[in-house]
Amino acid sequence: FPRLFQTKCEDVATYLKNECLRNGLSGIIAGDKAVDSIEDIYARNKSVPKRVKDWLRIEPRAERAEGNLFWSEPILPLDGLPETEVQCLNDNKVVHRCLFKFK
């Protein structure tokens, strides 16, 4: 069964993705729903979270939550989304999502 991980925090998302891969899980490719550029998404939303700004000030070359393992759209059906994701969507806040499976 696939495992969905999602968070509002970009630094947590990249850490979690790397930990999952390091611990033997395999990422499920997002295909045409992949996040090509997280900066473009922040620009579209007209908001970069303070936490991201602070994180990038400390780690300017940090790995970003983008690429073929990060999903740009909700994975669950809209009527089954967690409350936090619904709130983020309503507030134009980014949710970082990855799907993994055991090898």
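This is a predicted model: local features need pLDDT of at least 70, side-chain atom pairs count only at pLDDT 80 or more; totals for chains, interfaces and linings use all residues.

Trainee: With which residue does Glu10 meet in a salt bridge?

Mentor: The partner of Glu10 is Arg64, with an N to O distance of 2.7 Å between the side chains. Arg64 lies in the loop between H3 and strand S4 (67-71), whereas Glu10 belongs to helix H1, so this pair ties together parts that are 54 residues apart in sequence.

Trainee: Are Arg64 and Glu10 buried or exposed?

Mentor: Arg64 is buried, with a relative accessible area of 15%. Glu10 is also buried, its relative accessible area being 0%. The cut-off that matters here is that buried means under 20%.

Trainee: Which residues are linked with Arg64 in a network of salt bridges?

Mentor: The network joins Glu10, Glu39 and Arg64. In the pair of Glu39 and Arg64, the closest N and O atoms are 2.9 Å apart. Glu39 lies in helix H2 and Arg64 in the loop between H3 and S4, so the two tie together parts that are 25 residues apart in sequence. At 36% relative accessibility, Glu39 counts as partly exposed.

Trainee: How should I read a salt bridge whose two residues lie in one helix?

Mentor: The general idea is that an α-helix has 3.6 residues a turn, so residues three or four places apart point the same way. Here, the side chains of Lys50 and Asp54 meet in a salt bridge at 2.7 Å, N to O. These residues are four apart in helix H3, and are therefore separated by about one helical turn. Lys50 counts as exposed at 61% relative accessibility, while Asp54, at 23%, counts as partly exposed.

Trainee: Which residues of helix H2 are buried?

Mentor: In H2 (residues 38-45), the buried residues are Ile38, Ile41 and Tyr42. They cover an arc of only 100 degrees around the axis, which puts them on the same side of H2. Ala43 and Arg44 are exposed on the other side. The buried residues are covered by elements including helix H1 (10-22), strand S3 (34-35), helix H3 (50-58) and strand S5 (96-102). Just after H2, Lys46 has a positive phi of about 60 degrees.

Trainee: Which residues have the most contacts inside the largest nonpolar core?

Mentor: They are Ile38 and Phe70, in a core of 16 residues. At least two residues of this core come from each of H1, H2, H3 and S5. Leaving aside residues up to four places away in sequence, Ile38 touches Glu10, Arg64, Ala65, Glu66, Val94 and His96.

Trainee: What does Thr14 touch?

Mentor: Thr14 sits in helix H1 and counts as buried at 6% relative accessibility. Beyond residues up to four places away in sequence, its contacts are Trp55, Glu63, Arg64, Ala65 and Phe70. A polar atom of the Thr14 side chain also lies 3.0 Å from the backbone oxygen of Asp11.

Trainee: How many disulfides does a search of the whole structure find?

Mentor: A disulfide is a covalent bond between the sulfur atoms of two cysteines. The search finds zero. The closest cysteine sulfur to that of Cys20 is in Cys98, 7.7 Å away, which is too far for a bond. Cys20 is buried at 7% relative accessibility, and Cys98 is buried with a relative accessible area of 3%.

Definitions and conventions. Residues are numbered from 1 along each chain as its sequence is written. Side-chain values use heavy atoms; hydrogens and water are left out. Buried means under 20% relative accessible area, exposed over 50%, partly exposed in between (1.4 Å probe, protein chains only). The arc is that of the directions from the helix axis to the C-beta atoms. Contact means heavy atoms within 4.5 Å. A polar contact is a pair of N or O atoms within 3.5 Å; within protein, one must be able to donate a hydrogen and the other to accept it, and residues adjacent in sequence count only if both atoms are side-chain atoms. A nonpolar core is a set of buried Ala, Val, Leu, Ile, Met, Phe, Trp, Tyr and Cys residues joined through side-chain atoms within 4.5 Å. A disulfide is a pair of cysteine sulfur atoms within 2.5 Å. A salt bridge is a side-chain nitrogen of Lys or Arg within 4 Å of a carboxyl oxygen of Asp or Glu.
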